[in-house]
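Please keep the sequence and the 3D view open while reading.

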Amino acid sequence: MLHWLLNLLRQYVHRDPLPFLTKQGLVVGKHFMMLEDVVIDPSHCWLVTIGDEVTLAPRVHILAHDASTKRHLNYTRLGKVTIGNRVFIGASTLILPGVTIGSDVVVGAGSVVTHDVPSGVVVAGNPARVIGSLEDFLARRKSEMETSPLFGDEYTIRGNVSDAMKADMVKLIKGRYAYVS
């Protein structure tokens with residue numbers, strides 16, 4: 001009987017873990033977006049607080065515990081994780097216990113966040129380091145948009161992009177980048 005119940009719970013959590021995590025104490029703000037395969041420490045999710053307008057890209061992992069001490073010290077190390085407002089965390093990023101990420105931050109894909117991140121910056125790498133201000137990053141991207149193809153929401157899966165539109169997009173992207181709303 002217990003085996004059946006555990007399998008049911010795993011399926012429920014795998015499909016949409018957010019209701020389970022918030023019931024356990026995870027705090028998330030308004031307009032929170034969590035994409036596929038995100039892991040927010042299910043064993044200590046009540047130690048995680050996420051602000052408003054935060055996006056977690058695919059495969060982000062947020063840990064609030066470190067069990068490396070368990071075998072030797074008989075205790076697991078815990079740390080609160082706090083993420084501010086208007087934060088984007090790139091795909092396959094790992095956020096370790098005890099980290100606070102300020103507001104208006106971009107964390108580059110594949111980063112390992114081991115220390116606090118101040119507000120208003122872009123960080124990337126392993127370990128994640130400040131690579132510039134958010135203001136400078138956005139100014140560079142805005143300038144890049146002036147010479148890059150721009151596509152509307154209809155050019156996305158959620159906008160039901162057609163095969164013909166996909167082919168057009170491939171043809172129109174002559175440089176390295178394009179932008180979609």
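In strand 16, Ser133 is the bridge partner of Val121; strands here are DSSP runs of E with at least two residues, helices are runs of H or I with at least four, and both are numbered from the N terminus. The model is predicted, with local features needing pLDDT of at least 70 and side-chain atom pairs counting only at pLDDT 80 or more, while totals for chains, interfaces and linings use all residues. Residues are numbered from 1 along each chain as its sequence is written, and side-chain values use heavy atoms, leaving out hydrogens and water.

Strand 15 and strand 16 (residues 129-133) run antiparallel and are joined by 4 bridges; two strands pair if DSSP finds at least two bridges between them. They form a hairpin with 4 residues between them, and Gly125 in the turn has a positive phi of about 110 degrees. Strand 13 runs parallel to strand 15, with 2 bridges joining them. Here Val107 has Val123 in strand 15 as its bridge partner.

These strands belong to an open sheet of 6 strands, in the order 2-5-10-13-15-16, with mixed pairing. Strand 2 (33-34) and strand 16 stand at the edges with a single partner strand each, so one side of each is left without a neighbour in the sheet. Helix 4 (residues 134-145) packs on the sheet and touches strand 13, strand 15 and strand 16, where contact means heavy atoms within 4.5 Å. The direction of helix 4 makes about 60 degrees with that of strand 16; axes are lines fitted to C-alpha atoms, for helices over the stretch in contact, and angles run from 0 to 180 degrees between N-to-C directions. Met34 stands opposite Leu56 in strand 5.

In helix 2 (residues 17-24), the buried residues are Pro17, Phe20 and Leu21. Seen down the axis of helix 2, they fall within an arc of 95 degrees, so they line one face of the helix; the arc is that of the directions from the helix axis to the C-beta atoms.

Note on methods:
Buried means under 20% relative accessible area, exposed over 50%, partly exposed in between (1.4 Å probe, protein chains only).
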